[in-house]
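Please have the sequence and the model open while I talk.

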Amino acid sequence: MPNNRPYTKKKPSFSGKKPVNKHHSQPPKKEPEIIDKTVYYRPTMTVLELSEALHKPVSEVIKKMMFMKIMASQTQTVDREIAELVSMDFGFELKDEVQTDLSKFEEIDIVDDPSTLVERPAVVTIMGHVDHGKTTLLDNIRHSRIVDGEAGGITQHIGAYQVIRHGRPITFIDTPGHAAFTEMRARGARITDIVVLVVAADDGVMPQTKEAIDHARASKTAIIVAVNKMDKIGAQPDRVKQELADLGLMPDDWGGEIPFCYISALKGTGIDNLLDTIQLVAELLELKANPKRNAVGSVVEAKLDKGRGPVATVLISNGSLRVGDVFVAGNTFGKVRAMNDDLGKAIDVALPGAAVEVIGLDATPFAGDPFMVFDDAKVVKDIAQKRSDRSFKEEHSAKKMITLEEFFERAESGVKELRLIIKADTQGSIEAFRGSIEKIVVEGTSIDIVRTGVGAITETDVSLAEASDAIIIAFDVLAPANVRDTADSKGVEIRDYRVIYEALDDIEAAMKGMLDPVFEKQTIGSATVRETFSISKIGTIAGCMVTSGTIKKDSLVKLFRNGKVIFEGKISSLKRFKDDVKEVRQGYDCGIMIENYNDLKVDDVIEASLMKEVV
Ligand code: GDP
């Protein structure tokens with residue numbers, strides 16, 4: 001017969017208050033030890049909450065309070081003094097609960113009792129160069145690996161999906177490419193446990209392969225290499241191995257630590273082995289979570305759906321998410337009205353490591369936003385509001401990333417690793433710089449070269465710098481105006497150098513806390529040469545269009561051709577039509593002459609800068 005007694009919420013019997021077995025006259029069992037005899041008090045604590053903290057029935061606590069001549073119901077709040085007396089009576093110590101700023105919930109360190117932890121699925125992102133087969137691989141895994149017999153078996157695109165191998169799930173983030181990964185990292189989300197780096201066996205290491213390696217390394221994510229397109233006649237897996245080994249990814253079958261799998265995403269060969277390898281690496285990573293706690297995680301994807309309103313795919317990193325839970329996601333909040341898994345099936349509970357589509361948000365969050373469930377429906381709206389106010393303020397006062405000047409200061413408060421992204425015109429300069437920088441030893445600090453690359457600074461460099469809190473060191477390379485703007489808006493520092501030793505001096509000085517720049521060169525604008533006029537005795541006048549900022553008569557200039565600096569000097573004449581002018585703004589034509597340089601060509605870029613005092 002079902003138990004129809006009204007349900008009273010009871011904690012597991014820590015107190016051992018089971019009725020003594022009447023049929024045996026054994027002495028009552030000794031109370032098991034309660035490990036933490038501390039009550040964390042907060043001003044809103046009710047009698048019932050106090051009794052729960054004391055692991056006592058609420059009636060006992062009420063009785064104890066009656067002895068103190070205090071009549072209270074279980075929903076009434078308790079004064080601190082009374083709570084302390086009651087706690088002492090039960091042999092507990094009372095401490096004030098440390099008020100954490102819940103609006104910064106992603107910074108809260110979640111510590112679970114090890115006995116509550118169970119294995120959770122690995123979360124995998126597939127990265128690699130364009131056309132190397134990322135989408136094909138994701139499709140192949142998705143279509144062929146859906147749990148056998150699953151009704152329909154067609155996955156919905158929700159931004160992530162799970163496959164089961166040997167009874168254990170693996171979660172794949174379903175957005176190939178780096179933009180999503182970088183964007184999420186920039187928002188502080190550490191979603192991925194393992195990066196599967198897809199490299200086409202007939203093409204080898206390409207620029208985005210290197211980028212993917214940089215990202216994975218900077219975020220300290222485990223890497224598995226999948227050498228793809230093994231079915232192709234031109235496949236050269238050994239070449240790929242050599243190229244990756246040269247980049248520091250030593251294949252396991254060459255005695256290294258990086259697992260290499262050989263696959264054909266198109267034909268579906270080698271995929272089982274790849275999945276086994278993922279599970280092997282996942283085992284080594286000992287990925288654990290506590291399914292009994294409230295869910296925390298990150299938003300993988302979000303959209304505004306016509307019929308359903310804002311919908312977000314949430315990847316749960318710890319805890320379980322249930323229908324009815326109230327939560328904050330980024331600057332939005334909500335209550336889980338319904339959840340769907342990657343098969344479009346409605347579910348009531350989602351476990352750690354799973355990705356679920358959540359319906360019931362008040363607005364659309366962003367990919368990478370942190371997600372957390374709270375006990376109290378009243379707080380989530382406030383938290384979301386507070387976060388949104390803060391984001392507004394931050395957006396309006398450009399985010400401050402680390403600069404070289406600040407490094408020493410920050411080093412004193414814990415930031416000990418100076419992270420650099422190095423861009424130069426030749427591989428030789430990079431190697432020379434890398435070689436010299438390794439010789440800089442300043443106790444208590446270290447340098448991490450997050451990435452190096454030949455050629456102009458790109459948006460990707462800036463987002464990597466943002467995500468990794470790195471500084472970009474540029475030797476004689478162009479940063480296009482839009483890239484500089486992005487860097488400015490994100491607060492990423494780009495430092496331009498012509499010679500290696502100057503950069504080394506600055507870095508060493510910064511590490512020793514001696515960097516004391518009074519003046520710094522600041523780019524103020526750039527112009528593109530549209531036509532040139534050579535006038536004998538005078539020289540070459542470049543007819544230019546100012547493409548960004550302002551060009552001033554007293555500017556210092558750098559002349560770029562095909563992304564490389566070819567001359568540095570000063571402007572000798574700046575004209576609008578026939579008139580000498582002090583400055584020309586973006587969108588206007590002008591005539592520029594450069595002192596001691598006449599070999600100007602159409603499409604050259606003139607970058608103007610001024611020495612400005614740095615405060
Ligand atoms: P992505 O840009 O990395 O997502 O690459 P895609 O998955 O779109 O693949 C690019 C092209 O390579 C497509 O035409 C695929 O059919 C092809 N491709 C992908 N994997 C393989 C493979 O294992 N073998 C062969 N022969 N072609 C492949």
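Let me begin with a question: does Lys 241 count as buried or exposed, going by its relative accessibility? Before I answer, please keep in mind that this is a predicted model. Lys 241 has a relative accessibility of 7%, and because the cut-off for buried is anything under 20%, the residue counts as buried. Its salt-bridge partner is Asp 253, and the closest N and O atoms of the two are 3.0 Å apart. The pair links distant parts of the chain, since Lys 241 sits in helix 7, residues 237-246, while Asp 253 belongs to the loop between helix 7 and strand 9, twelve residues apart. Asp 253, for its part, is partly exposed, at a relative accessible area of 44%.

That is one of 35 salt bridges counted in the model. Another joins the side chains of Arg 168 and Glu 119, at 3.2 Å from N to O. Arg 168 lies in strand 6, residues 168-173, and Glu 119 in strand 3, residues 118-119, so this bridge ties together parts that are 49 residues apart in sequence. Here Arg 168 is partly exposed, with a relative accessible area of 25%, whereas Glu 119 is exposed, at 52%.

Lys 423 is in strand 20, residues 417-424, and Asp 461 is in helix 12, residues 459-468, which puts the partners 38 residues apart. Lys 423 counts as buried at 4% relative accessibility, and Asp 461 is buried as well, with a relative accessible area of 0%. Both residues also belong to a network of salt bridges that links them with Asp 214 and Arg 451.

For helix 6, residues 207-218, and helix 12, the angle is about 10 degrees and the axes are 11 Å apart, so helix 6 runs roughly parallel to helix 12. On the helix 6 side the contact involves Glu 211, Asp 214, His 215 and Ala 218, and these meet Thr 460, Leu 464 and Ser 468 of helix 12. Sorted by class, this contact has two nonpolar, three polar and two charged residues.

Now please turn to helix 2, residues 58-67, and helix 3, residues 80-89, which pack at about 110 degrees with their axes 11 Å apart. That angle makes helix 2 roughly perpendicular to helix 3, and the crossing is right-handed. Helix 2 contributes Val 61, Lys 64 and Met 65 to the contact, and helix 3 contributes Ile 82, Val 86 and Asp 89. By class, the contact of helix 2 with helix 3 comprises four nonpolar, no polar and two charged residues.

I will finish with two backbone details in loops. Lys 69, in the loop between helix 2 and helix 3, has a positive phi near 65 degrees without being a glycine, and it counts as exposed at 75% relative accessibility. Lys 220, in the loop between helix 6 and strand 8, likewise is not a glycine and has a positive phi of about 55 degrees; Lys 220 counts as exposed at 61% relative accessibility.

Definitions and conventions: Residues are numbered from 1 along each chain as its sequence is written. This is a predicted model: local features need pLDDT of at least 70, side-chain atom pairs count only at pLDDT 80 or more; totals for chains, interfaces and linings use all residues. Side-chain values use heavy atoms; hydrogens and water are left out. A salt bridge is a side-chain nitrogen of Lys or Arg within 4 Å of a carboxyl oxygen of Asp or Glu. Helices (H or I, at least four residues) and strands (E, at least two) are DSSP runs, numbered from the N terminus. Buried means under 20% relative accessible area, exposed over 50%, partly exposed in between (1.4 Å probe, protein chains only). Axes are lines fitted to C-alpha atoms, for helices over the stretch in contact, and angles run from 0 to 180 degrees between N-to-C directions. Angles under 35 degrees count as roughly parallel, over 145 as roughly antiparallel, 65 to 115 as roughly perpendicular and the rest as oblique. A crossing is left-handed if the near helix is turned anticlockwise from the far one by less than a right angle, and right-handed if clockwise. Contact means heavy atoms within 4.5 Å. Ala, Val, Leu, Ile, Met, Phe, Trp, Tyr, Cys and Pro count as nonpolar, Asp, Glu, Lys and Arg as charged, and the others, Gly among them, as polar.
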